[in-house]
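Have the sequence and the 3D view ready. Follow each part in the view as you read.

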Amino acid sequence: MNAPLVTILDDEPAIRGILTEALEEAGFRTQCFGRAREFEAALKRVTPDVCLVDLSLPDTDGLALVHRLALEQGAKVIIISGRAQVQDRVTGLELGADDYITKPFDPAEVVARIRARLRGGKIAPQSGQTARFNGWTAHFDRYMLEDEAGDETPFSHAEGEVLRLFLDSPKRLITRTQMQDSLGGGAGESFDRAMDVRISRLRTKLREDPKNPRLIKTIYGAGYIFLGDVRWD
């Protein structure tokens, strides 16, 4: 089995070199890019396991790129940026990034975060790629929700992780701590905010009444319960 592939998009050669050395020593394969144009061209040929993306890119808006990756690619997306404000982290996570690391960073932390994301994204043994519940079909192989009429709505990789967590444990309480343990990423306000946003977006895509959701119930002070009847194909 091939080692996981990590792509690095950063316009600073020194950063690319530091990350490449640390990741390859840890057993990962790497590909490096200094421009978004080259990076996106490469994605047409191969899908990496993890994308490390800097936000301050010379040829595109880094946040817009992260959003496209989250919706269109199967890879996990980790932002590495010099923007250290809480709002920057929250915005990146809201747009679909799986994690956010600020510069300067310890390369060992980057390696640990990548391993955590890969562990968090493993498919549960009992689960397939298609789940059916309450008139909906979730296609995890192509990140798409399908309703009874056949109309489709895409969901991001990050939203899919949360949805899969619910579908793997229907009618059971899932606490915030369990979500963090399963999905990885740093604890704190930005993680909690990102989870709230992803769940809100899933409710919208599932056409839930925000005042009285039928499928994803909030248990205040405890966590969430998914109330659907789930069948995996």
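This report covers a sheet, its aromatic pairs and some backbone details.

## Ground rules

This is a predicted model: local features need pLDDT of at least 70, side-chain atom pairs need pLDDT 80 or more, and totals for chains, interfaces and linings use all residues. Residues are numbered from 1 along each chain as its sequence is written, and side-chain values use heavy atoms, without hydrogens or water.

Helices (H or I, at least four residues) and strands (E, at least two) are DSSP runs, numbered from the N terminus.

## The sheet

Five strands form an open sheet in the order β9-β8-β7-β6-β13, with antiparallel pairing. Two strands pair if DSSP finds at least two bridges between them. The edge strands, β9 (152–154) and β13 (230–232), each pair on one side only. On average, neighbouring strands are turned by 20 degrees against each other, direction ignored.

Look at β7 and β8 (residues 144–146). Three bridges join these antiparallel strands. In one of them, Thr 137 has Glu 146 of β8 as its bridge partner.

Helix α6 lies across β6, β7, β8 and β13. Here contact means heavy atoms within 4.5 Å. The helix runs at about 105 degrees to β13. Axes are lines fitted to C-alpha atoms, for helices over the stretch in contact, and angles run from 0 to 180 degrees between N-to-C directions.

## Aromatic pairs

Rings of Phe, Tyr and Trp (its six-membered ring) pair if their centres lie within 6.5 Å; planes under 30 degrees apart are stacked, over 60 edge-to-face, and the rest tilted. The count comes to seven aromatic pairs. Phe 133 and Phe 226 have ring centres 5.5 Å apart and planes at 75 degrees, so this pair is edge-to-face. Phe 133 is in β6 and Phe 226 in β12 (residues 223–226), 93 residues apart.

Buried means under 20% relative accessible area, exposed over 50%, and partly exposed in between (1.4 Å probe, protein chains only). Phe 133 is buried at 1%. Phe 226 is buried at 0%. Phe 133, Phe 166, Tyr 224 and Phe 226 form one aromatic cluster.

## Backbone details

The peptide bond from Lys 103 to Pro 104 is cis, with omega near -5 degrees. Pro 104 lies in the loop between β5 (99–102) and α5 (107–120).

Asn 134 is not a glycine, yet has a positive phi of about 50 degrees. Asn 134 sits in the loop between β6 (130–133) and β7 (136–139). Asn 134 is partly exposed, at 41% relative accessible area.
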